[in-house]
Amino acid sequence: MQYQAPANDLRFLLFDVLGVDKLHELEKYADATPDLISAVIDEAGKLAAEVIQPTNQVGDRQGCQYNPETHDVTTPDGFREAYTRFVEGGWTALDAPLQYGGQGLPHTLKFVVDEMVCSTNLSLGMYPGLTHGAISALYAHGSEELKDTYLEKLISGEWTGTMCLTEPQCGTDLGLIRTRATPNDDGSYAIEGTKIWITGGEHDLVDNIVHLVLAKLPGAPDTTKGISLFAVPKVLPDSGERNPAFCGGLEHKMGIKGSATCVMNFEGAKGWLVGEPNDGMRAMFTMMNEARLMVGMQGLGLAEMAYQESLGFARERLQSRSLSGPKNPDGPADPIIVHPDVRRMLMRQKVLNEGMRALALFTGHKLDLSVAHGDESVRESADDLVQLLTPVVKSFLTDEGFNNANTGLQVLGGSGFTTDWPLEQLVRDGRIARIYEGTNGIQAMDLVGRKLSLKGGRLVRTLFAELTTYLKENPEAPHQEALKGAVKSLESATMWIASNAPKDPEQAGAAATPYLRLMALTVIAYLWSRMAGTAQAQLDAGEGNKPLLEGKLVSAQFYFEKLLPEIQWLQQDIESGKDSLMAFGDDHWSA
């Protein structure tokens, strides 16, 4: 089926619930009027459905092709044409800085476009997606010369970018990298080493690719404190010569086959230092944190497409009769959407998708406030929430994005297990999002091990202030008592970690994953209360899209009755500690 952008839900969230339409009141985002935001939603939806989606299945079936003689990579049929249309529409420049040819629009709008692109072809969306992170890293940390050399062409989409971290002997523990950077006489560096899992490391969509490479300088500490970041172009901009940075092969993957995931060999390739020596991790985290938010949108995008496919199937597939009597008396059976168990699956998909979209756009709105609001205290509290929620968005949206794709496959039954239907590809494509850009377990450890204590615990205090202020100022808020209970559970779990983790770090490790999920469910509960309150107010005033608003009230009820109670066992999981988790000795595993 053809993708339908969730335009009504997006407008409801952006305009009625979150107030993103008011960003144009800030000087930085003066052009982001409600009319422009609506136009972005509509045009991005058309592009996704009409240009990007038709390339998805062929991309999965053809995959990328590697030529070992030339080290070239060919993308699937239609990818170049779709990418060109994407570039020509200015989508690569949407929220990029004005002084280098960007449009300077709110980051929240990029979140909207990311979801649509990932719904319709996740593999194709990877190429401009990683480029955007390279733009941000160069803009934040690069010299003026590097910015002038690279940013305009990256922002226009004429060139693309990569992030080169992982090596064969090390993944997350980047202190173990072996790639070296030796100074040249002209101020550049000779980069030697091999990187793996490099998205878009080589392809035929553009003529030049700018690799951001982590490497160690001579004499640098052999830890993460000795890592530097370098810009290494495929083609040297000043001379047009081919730089010896070659693809050594493609990874053989279960999904996202249209995305070129490369082994990259740097054979004395020329690179230029980005930022200060031995400060590469700080510079790379600019790119990584942005990529983590983008990956969260990948999970949401796939979940939305899975919901649309499974809903369409459930409305048409005839099987058995309704338990309350025939609903299709003139046909041989009723559509399966009448059956409670099928509705349980569809409701879970729909309600979680809309809750995850609210969480992502709430975070995106805070990101915009953190860089554009005139009040320093507003900027500070908004940045606190962005830092705290980045691992939550990445992990929860990819966990539930994959789960919802799997649920959609279940709705289709045996049909879902075949390549005749798109669900099995969505499941395969979505599985990686829980792994790359830091596995979700690592995201949870970042939340518990670093973010909770950052700035003396200020980040999590900012979140609790957001939640408790809402409850205090809205005593009649929908589902208030259930939301209060969730906030109390999150407070209790936070205090438990604060009391136990300093004495035993393994307690933090054992609690991390359930704690991240508890936080996600609680924040989404807060947002569902806000959505339900807004919907009820509009219904009372006789305004808005009545079916949408009525659906919001039922969806909120479903969330609080059927999904939020999970917090009870999550709290139990956290506060029961590590003992049963860590008790096994080596001889117990195979006994």
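Colleague: How many helices and strands does the protein chain have?
Modeller: In this predicted model, the protein chain has 18 helices and nine strands.

Colleague: What makes the protein chain agree with a compact globule?
Modeller: A compact globule of 591 residues would have a radius of gyration near 25 Å, and the protein chain has 24 Å, so the value agrees. The C-alpha trace spans about 80 × 65 × 60 Å along its principal axes. Of the 591 residues, 58% count as buried. Among contacts with a separation of 6 or more, 73% are between residues 24 or more positions apart.

Colleague: What is the accessible surface of the protein chain?
Modeller: The accessible surface comes to about 24400 Å², and carbon and sulfur atoms account for 51% of that.

Colleague: Why is Thr 160 called buried?
Modeller: Buried means under 20% relative accessible area. Thr 160 has 2%, so Thr 160 is buried. Thr 160 lies in strand β3, which covers residues 160-164.

Colleague: How do you know that the side chain of Thr 160 makes a polar contact with the side chain of His 203?
Modeller: A polar contact needs a pair of N or O atoms within 3.5 Å, one able to donate a hydrogen and the other to accept it. The pair between the side chains of Thr 160 and His 203 is at 3.0 Å, and it counts as a polar contact.

Colleague: Which residues is Thr 160 in contact with, leaving aside its neighbours within four places in sequence?
Modeller: They are Tyr 83, Thr 131, Leu 154, His 203, Val 206, Asn 208, Ile 209 and Val 210. Contact here means heavy atoms within 4.5 Å.

Colleague: How do you know that strand β5 and strand β9 pair?
Modeller: Two strands pair if there are at least two bridges between them. Strand β5 (residues 189-199) and strand β9 (residues 261-274) have nine bridges, in the antiparallel sense. For example, the bridge partner of Thr 194 is Asn 265 in β9.

Colleague: What joins strand β7 to β9?
Modeller: Three bridges join strand β7 (residues 227-233) to β9, and the two run antiparallel. Ala 231 stands opposite Trp 272 in β9. Strand β8 (residues 245-250) also pairs with β9 in the antiparallel sense, over five bridges. There, Gly 249 stands opposite Val 263.

Colleague: Which residues of helix α12 are buried?
Modeller: In α12 (residues 440-451), the buried residues are Asn 440, Gln 443, Ala 444, Asp 446, Leu 447, Val 448 and Lys 451. An α-helix has 3.6 residues a turn, so residues three or four places apart point the same way.

Colleague: What do the buried residues of α12 pack against?
Modeller: They pack against α8 (280-316), α10 (376-412), α13 (458-473), α14 (480-500) and α15 (505-540).

Colleague: Why is His 71 called partly exposed?
Modeller: Partly exposed lies between the 20% limit for buried and the 50% limit for exposed. His 71 has a relative accessible area of 26%, so His 71 is partly exposed. His 71 is in the loop between β1 (65-67) and β2 (72-74).

Colleague: What is the phi of His 71?
Modeller: His 71 has a positive phi of about 65 degrees although it is not a glycine. Most residues other than glycine have a negative phi.

Notes: Residues are numbered from 1 along each chain as its sequence is written. This is a predicted model: local features need pLDDT of at least 70, side-chain atom pairs count only at pLDDT 80 or more; totals for chains, interfaces and linings use all residues. Side-chain values use heavy atoms; hydrogens and water are left out. Helices (H or I, at least four residues) and strands (E, at least two) are DSSP runs, numbered from the N terminus. Buried means under 20% relative accessible area, exposed over 50%, partly exposed in between (1.4 Å probe, protein chains only). The radius of gyration is taken over C-alpha atoms; the globule rule is 2.2 Å times the number of residues to the power 0.38. Accessible areas come from the Shrake-Rupley method with a 1.4 Å probe; for residues, only the protein chains shown count as cover.
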